[in-house]
Amino acid sequence: MEEAMARLEELIATARRAERAAAEWRARRFTGRADEGRVVAVTDALGTLLDLRVHPLTRSRADARRLADAILAAITAAEDQAEAARTGLLPRLP
């Protein structure tokens, strides 16, 4: 019985650690940059776009296609960071 209780306590502790790790990951913000850092995108852990900044120099020099490509590259970079963080989180969970 003591062994079963110890195992149950271990499982509960593991679940609590997993919940804390997931909450920390969800609260993080990820930043991607493009066009020499003049386009900056910030996403949350799920890849939801939270902020997008485009430097006036980029807006004035880029045509619509280049601007769209730079924005997409910045967002993709932020999403890739979020995915890497999620993947890195999984091995920490026992």
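Tutor: Let's start with Asp35, which is found in the loop between β1 (29–34) and β2. Strands here are DSSP runs of E with at least two residues, helices are runs of H or I with at least four, and the numbering starts at the N terminus. Before going further: this is a predicted model, in which local features need pLDDT of at least 70 and side-chain atom pairs count only at pLDDT 80 or more, while totals for chains, interfaces and linings use all residues. Residues are numbered from 1 along each chain as its sequence is written, and side-chain values use heavy atoms, with hydrogens and water left out.

Back to the loop. Most residues other than glycine have a negative phi. Asp35 has a positive one, near 50°, and it is not a glycine. Glu36 also has its place in the loop between β1 and β2, and its phi is positive too, at about 55°, again in a residue that is not a glycine.

How much of each is covered? Asp35 is partly exposed, because its relative accessible area is 24%. Glu36 has 72%, so it counts as exposed. The scale calls a residue buried under 20% relative accessible area, exposed over 50% and partly exposed in between, with a 1.4 Å probe and protein chains only.

Now the charges. Side chains of opposite charge can pair when their charged atoms come close. Glu36 meets Arg38 in a salt bridge, at 3.2 Å from N to O; the term asks for a side-chain nitrogen of Lys or Arg within 4 Å of a carboxyl oxygen of Asp or Glu. Arg38 is buried, because its relative accessible area is 16%.

The structure holds six salt bridges. Among them is the one between Asp51 and Arg53, whose closest N and O atoms are 2.8 Å apart. Asp51 is partly exposed at 30%, and Arg53 is partly exposed at 44%. Another joins the side chains of Glu10 and Arg7 (3.2 Å, N to O). Glu10 and Arg7 both lie in helix α1, three residues apart, or about one turn of the helix.

Follow the chain into β2 (residues 39–44) and you reach Thr43. With a relative accessible area of 0%, Thr43 is buried. Setting aside neighbours within four places in sequence, Thr43 is in contact (heavy atoms within 4.5 Å) with residues including Phe30, Leu50, Ala78 and Glu79.

That leaves the helices. Two packed helices are described by the angle between their axes and the distance between the axes. For α1 and α3 (residues 64–89), the axes come within 11 Å and cross at roughly 170°. That makes α1 roughly antiparallel to α3. Axes are lines fitted to C-alpha atoms, for helices over the stretch in contact, and angles run from 0 to 180 degrees between N-to-C directions; under 35 degrees counts as roughly parallel, over 145 as roughly antiparallel, 65 to 115 as roughly perpendicular and the rest as oblique. At the meeting place, Ala21, Ala22 and Trp25 in α1 touch Ala82, Ala85, Arg86 and Leu89 in α3.
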